[in-house]
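Here are my notes on the model you sent over. Have it open while you read, and take the points one at a time.

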Amino acid sequence: MAEFLLEIGCEEIPAGWLPGLTQQLRERFLEVAEREHLDPTAVASDSTPRRLVLRADVAARQADREEPVWGPAVEAAKDASGAWTKAAEGFARKCGVSPEALQQGVKDAARPGDQYLLYVRRTEGRSTREILPGVIAGVLRALAFPKRMSWDAWIEDGKGSFVFGRPIRWMVALMDGAVVPFAIHALAEGRRADPVVTSGDTTWGHRFLPREAAGRPIRVRSGADLREKLRAACVLLDPTEREKRILDGLASVAGPAPPDDHGLPVEWRDLVEYPTVVVGKIPAQLRSLPTEVLETVLVHHQKYVPLGEGRVVSRFAAVTNTDGSNADEIVRGMERVVVARLRDAAFFYQEDVKRPLADRVGDLAGVVFHKGLGTYKDKSDRMVRLVDAMGAEMGLLTKPEHEAAREAARLAKADLTTLMVREFPELQGVMGGIYLRAQGHPWPNVSVAVQWHYHPVSVEEGSPPARAVAGGDATVFGAVSVADKLDTLAGYFGLGLEPTGSSDPFGLRRAAQGVVRVLLDFWSADAAERRPNLVQLVGAAVEGYGDTIADSASAKLRLAAFLSDRLRYVLAARGYPGDEVEAVLGAREPEALQDPHEAWVRLRALHSVRSEARVDFEHLAVAFKRAKNILGSGAGASVDPALFQEAAEGELHAAVGRLEVRDGGYEARLRALAGLRAPVDRFFDDVLVMAEDPRLRANRLGLLSRTLSLFYRIADISKLGG
Amino acid sequence: MTLQEIVFSLERYWADRGCLIHQPWDAEVGAGTMHPETFLRVLGPRPWKVAYVQPSRRPADGRYGENPNRLYKHHQYQVVLKPAPADVQDAYLGSLRALGIDPAAHDVRFEEDNWESPTLGAWGIGWQVLLDGQEITQFTYFQQAGGIDLAPISAEITYGLERIAMYLQDVDDVYDLRWSPEVRYRDVRHEEEYQLSRYSFELADAELHRTLFERYLAEGWRVLGAPGGRSVHAAYDWCLKSSHVFNVLDARGAISVSQRAGMILSIRKLACAVAQAYVKPAEAEPAAPPEAARG
């Protein structure tokens with residue numbers, strides 16, 4: 001057993017990549033080393049932004065291996081005179097031995113009587129030291145990066161040009177302390193040039209610390225030695241150790257209540273080799289900025305954790321890649337950046353808030369939405385009309401909801417002309433809501449709807465704005481959110497700019513998923529007549545463009561198909577099996593797009609009942625595929641019991657009749673329908689549907705058709721798999 | 001250290017490391033990358049090392065001289081090393097020391113920040129260099145320019161001169177910077193910032209700029225296709241001009257998201273054609289002098 005140690009010294013690897021790369025390094029090494037018969041054990045990997053490290057125990061040399069090579073059957077190996085046949089001689093020649101040296105054996109344990117010629121190929125194990133350079137090359141090639149770069153590098157492994165995540169600048173490769181030779185060459189004009197990285201026993205510590213020793217090579221003997229020497233050189237190799245140092249640091253500065261760290265410590269951990277948390281102050285006059293603005297600047301732009309009391313952010317915590325000895329000066333630099341940005345933001349806020357948001361609506365006439373689709377003023381007007389259609393024509397909104405949604409639709413885009421949104425585009429919508437509240441808009445549900453109308457952006461249940469909108473406000477928010485997205489979709493589809501393949505430059509898939517999610521999760525109406533019909537809404541959205549859209553019939557059809565597809569995607573993303581989603585979306589009446597929320601209710605019911613009665617549904621699925629095939633040749637007319645000839649016909653007819661008048665929720669109805677399995681099976685066993693007598697045939701087709709339509713109100717059962 | 005001393009130090013430092021010290025490009029550009037000494041020189045196989053100051057105009061960033069951090073025009077110090085040497089990060093850190101910044105006394109970090117110029121059909125892998133949380137440099141390994149995969153790979157180091165000077169002089173307002181021992185940034189540039197901001201936000205004739213945008217691009221294509229070739233530089237200048245005109249229109253807030261995409265695409269098409277024309281003669285006849293193209 002020997003220790004293999006590999007350190008790949010890189011220029012700074014992006015923090016977000018490190019957890020994945022660390023795992024890959026371990027897994028790829030294990031695969032390659034096992035393939036090479038090195039019996040790897042105790043494989044462990046670590047990383048910092050500047051290094052990927054792997055250690056493992058491996059066999060000192062490969063074990064000698066034997067593998068059987070089978071030849072012709074013994075009967076075919078010798079002729080009548082007992083001489084070797086051509087087949088036997090050929091096999092022996094291929095194995096490089098004389099026929100006499102071959103053995104006999106049983107190839108198939110199930111047929112012990114059949115003997116075959118056998119050659120046992122012995123491979124002598126090679127020394128691990130000889131194999132490791134190939135293993136290193138194999139592992140380097142196998143690491144997958146979110147984005148790779150060319151850095152003019154070349155490896156002598158037969159593949160040549162070598163791309164990686166960042167340039168490699170040094171490499172430690174040791175087997176029990178002795179260097180495993182490996183080189184990366186420069187690639188110049190398509191050919192191998194001088195080596196740029198040669199493996200050795202030398203590593204490098206922190207770029208700048210400790211001050212007196214930084215920049216000096218460090219020789220190491222083993223994994224443990226590397227870890228300890230790096231620690232002395234201000235590098236914490238183990239990410240969990242860095243994270244602990246960060247969390248301790250954060251706890252010591254945060255005060256009694258743990259702050260919302262916005263997930264930053266995990267990112268910090270992989271940004272630095274020696275984390276030290278420092279704290280900066282936010283000047284009192286800047287603390288009154290809206291929390292969303294402060295957080296955007298601190299968390300998203302600077303990666304600092306906001307600290308403070310209650311909703312007041314008064315300080316921030318930041319990570320440094322230092323030992324903390326110069327913290328004061330470093331913090332002064334950080335504060336300067338934060339103050340500059342916040343001062344900008346404060347200026348924007350003061351300027352913006354002077355002018356009522358409603359006054360800005362007119363300015364939207366100067367902001368182009370799309371060359372072919374007019375300005376944002378036009379868009380706001382269309383959104384208002386769409387909300388009017390939802391309220392007055394479709395009856396989806398109560399009068400107060402309609403009024404609030406109409407006001408929110410009118411104001412939703414006005415913040416696009418504010419200084420704050422021009423500077424921080426990610427605050428669009430959010431600032432509109434904040435300014436409406438600051439300016440004392442009388443209806444809270446209007447500011448909430450404006451603030452969140454770009455959402456939802458994620459397909460997961462419970463993702464924002466789940467907690468921000470609730471109750472009656474949810475419908476107001478939903479109306480504005482859907483109006484905005486459907487208007488955008490209708491416009492782009494009208495211009496023929498729908499997504500193709502992986503290209504979706506205008507984010508239309510996300511917009512359509514947002515529409516679907518609003519209708520599934522946020523529209524608070526339980527009564528069917530107050531739930532939106534997406535087919536109707538698509539019609540209204542496309543017509544909102546008037547003559548701008550040349551072929552509105554085509555745009556409606558394409559957009560409806562696109563939304564169906566997104567509904568399918570959202571439902572599948574929630575973990576429902578594809579065949580159940582297809583079954584529900586395949587139901588003819590009602591069409592899923594006419595009431596997506598209801599489709600989801602049906603899906604949940606089908607999923608639940610099918611898992612109780614799996615076998616019944618398997619039988620029904622088979623039967624219904626048959627039924628559909630038969631009915632493909634023509635739908636049946638009415639059913640006349642007088643024409644029944646088999647008992648199975650009457651039995652099925654009676655069962656269908658009972659179910660047709662049955663009420664109740666989808667689950668109860670599906671459970672009852674599962675009971676059709678026996679009569680349906682018997683019908684197909686006993687009855688020849690395509691009877692020669694046309695009257696009998698029509699009658700039987702009619703019965704099948706009625707049976708199918710019982711299910712079609714819930715799901716197309718024939719779509720279910722086994 | 002005054003702003004001009006910073007420039008002197010960087011010029012001395014990079015000249016000592018074999019860089020040609022070039023001059024700013026004499027047309028409006030948004031960044032040092034657009035200078036032909038970067039955009040064209042990174043194409044093709046020939047090694048090159050160059051450094052220069054590039055005044056960079058970003059009309060949308062104009063603030064009438066009222067914002068202490070933001071400028072219509074700022075100054076970049078641009079270094080291009082082709083091919084990128086193995087010690088390029090250390091060489092860069094050495095340049096900070098030459099400016100009197102001791103990295104051991106600060107928090108100097110290389111954080112992922114890939115660079116992309118949609119108008120130039122160019123992108124690269126790299127970092128922003130943060131000094132105590134302040135971005136002072138963009139560091140990029142060019143991967144593509146003008147839509148062409150690059151080999152060898154160039155390293156581009158772009159210093160933000162005002163940012164670095166503010167740090168070194170410990171001032172919070174760019175206009176308080178000392179440009180020379182006697183003269184402040186305010187004295188040199190404040191009025192210009194006001195006037196150029198006013199122009200791009202209030203006075204610029206949007207219709208004229210739309211016309212110019214189309215005509216500049218048309219002229220670029222016309223000269224690029226002119227018989228006899230050898231028009232790459234002229235065509236590229238028109239490409240740069242169209243890009244600046246686009247920036248002025250953008251500053252007026254009159255370009256929508258989707259219009260922007262279309263206009264950027266038009267500029268990129270010309271930039272890519274220029275790059276193709278630049279590398280083509282070299283592909284056909286690597287050793288031939290430019291005169292050969294006259295044939």
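1. A compact globule of 722 residues would have a radius of gyration near 27 Å, but chain A comes out at 36 Å. That radius is taken over C-alpha atoms, and the globule rule is 2.2 Å times the number of residues to the power 0.38. The C-alpha atoms fill a box of roughly 100 × 85 × 50 Å along the principal axes.

2. A word on the source: this is a predicted model, where local features need pLDDT of at least 70, side-chain atom pairs count only at pLDDT 80 or more, and totals for chains, interfaces and linings use all residues. Residues are numbered from 1 along each chain as its sequence is written, with chains lettered from A and ligands numbered from 1 in the order in which they are written.

3. Chain B is another story. Its radius of gyration is 20 Å, close to the 19 Å that the rule gives for 295 residues, so chain B is as compact as a globular protein of that length. Its C-alpha box is roughly 55 × 50 × 35 Å.

4. How much is buried? For chain A it's 43% of the 722 residues, and for chain B 45% of the 295.

Methods. A residue is buried if 20 or more other C-beta atoms lie within 10 Å of its own, exposed if 12 or fewer, and partly exposed in between; C-beta atoms are placed from the backbone.
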